Amino acid sequence: MQVKSIAGHELTPGKTVKDHIHVEGTELHVPHVLLCGQQPGATVLISAGIHNAEYVGIQAAIELSNELDVSELRGNVILLPLANRSGFENRTMSMVFEDGKNLNRVFPGDREGSEADKLAHMLFEVFIRNVDAYIDLHSGDGYEALIPYAYYLGDTPAEETAKAMIACVNTKYYVRSRCRTGGAYNLASVHGIPSVLIERGQLSLFSREEIEADKADVRNILRCLGVLPGETVNYSKTQLLEYSDDAPCTGCWYPEKKVGDVFRKGEKLGEIRDYFGRSLFVEYAPQDGVLLHQCASLNIIEKGPMVTYGVPTDDII
Ligand SMILES: [Zn+2]
C-alpha cells in the first residue's frame, strides 16, 4: 500500500509532522507524529497509551518520535504516543475518562457512540487501516503484574509477516491469539495488516531498561520490514495459547504464584477472601501453564481480571 496522506498531512519525503487530531463530536485531541522517510517503503504505525496508565510504551514512543531519523527511513513511521490522552490527564486506570470504557475492547468503534467508541473509530479509519504494519505497545496496568511477551493473531492473511515481526521481539514467550474482536491490533490483523502487540512493564511503573527494550524491539521490527537499514536479530521464543480466568466475586485477592511461574494442573493459583478473612473462592490451575499476568492489587473485582496464563504449544520461533 502506498498511502499518500495521513490525518490530512501529505507524506512528503523528509517531512516530520507533530500535531493533534480532533475526534469529531468530542473534546478529545490525539497527539501524533509522522516521520516521512527520504526513500519509499512501508508505512508502519506504532501506538501506545491505548491504555493510558501503561507508561513504558508511552515513553518509548515519545523517545522514538524524537530519535528516529527521517534521512535513514525507507517508508514512513507514524507514532501515536498517547492514544487515550484524557485518561492520562485524569489518571484513570486505563479507561477512557469520559465514558469509563476500555478503549481496547471497542474497536472498530462507532462514530455515533460515546467518547471511546468515537476515538476507536477515528484511530481505525484515520491511522490503522491505512498502514502496512502495526505495532501496539502495552504494559501491566496499576493493578497488574506482568512478564514481557508479545501477541499476534493467528489465521489471518498477514500471519507470516506478523510472525516475522514477533521473532524480532526480545521476550521468552509469544501468544498466538485467537481473539478477533475489540482490540486495535486484532482488528488490524483481521484486515490483513500484519500487527503485533508488545507487553512490557507492570504495575504502571516504568524503568529506563524497559523503555530501551521496547525501543530496541520496535527498531528491530522496523529493520525486519525494511524501514530501517541493518540486520534483524531474531529471538527464539515459545508459542503459547492464552487463557484468562476472571474473578467470580469481589473481595480481597491473595495470589499464590508470581508472574513467569510455571505451574501444573490443580495447583493453587490464589484465593479471594472477604473483609473478615473468610475464604470466598480458591483458584486452582485448570491445566499446566505459565503465568503471564495477574491481579496484583489487594482488591479484586467481580468479572475483572484475575489470572491470565499461557499453555505452550510445539511451535517455537
Ligand atoms: Zn494494555
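A salt bridge here is a side-chain nitrogen of Lys or Arg within 4 Å of a carboxyl oxygen of Asp or Glu. The model is predicted, so local features need pLDDT of at least 70, side-chain atom pairs count only at pLDDT 80 or more, and totals for chains, interfaces and linings use all residues. Residues are numbered from 1 along each chain as its sequence is written, and side-chain values use heavy atoms, with hydrogens and water left out.

Let's start with the charged pairs. Side chains of opposite charge can pair when their charged atoms come close. Searching the whole structure turns up 21 salt bridges.

Take E89 and R85: their closest N and O atoms sit 2.8 Å apart, which makes a salt bridge. Both belong to helix α2 (residues 85-89), and because they are four residues apart there, about one helical turn separates them. Helices, by the way, are DSSP runs of H or I with at least four residues, strands are runs of E with at least two, and the numbering goes from the N terminus. As for solvent, E89 is exposed, at 53% relative accessible area, while R85 is partly exposed at 26%. The labels work like this: buried means under 20% relative accessible area, exposed means over 50%, and partly exposed is in between (1.4 Å probe, protein chains only).

K163 and D315 form a salt bridge, with 3.1 Å from N to O. K163 lies in helix α4 (residues 159-167) and D315 in strand β19 (residues 305-316), 152 residues apart. K163 counts as buried, at 19% relative accessibility, and D315 as partly exposed, at 31%.

K268 and E271 make another salt bridge, their closest N and O atoms being 2.8 Å apart. Here K268 is partly exposed, with 27% relative accessibility, whereas E271 is buried at 9%.

Salt bridges can also join up: E63, E67, R208, E212, K215 and R219 are linked in a network of them.

What about the cysteines? A disulfide is a covalent bond between the sulfur atoms of two cysteines. In this model the test is a pair of cysteine sulfur atoms within 2.5 Å, and the structure holds zero disulfides. For C168, the nearest cysteine sulfur is that of C224, 4.0 Å away, and C168 is in no disulfide. C168 is buried, with a relative accessible area of 0%. C224 is likewise in no disulfide, its nearest cysteine sulfur being that of C168, but C224 counts as partly exposed, at 29% relative accessibility.
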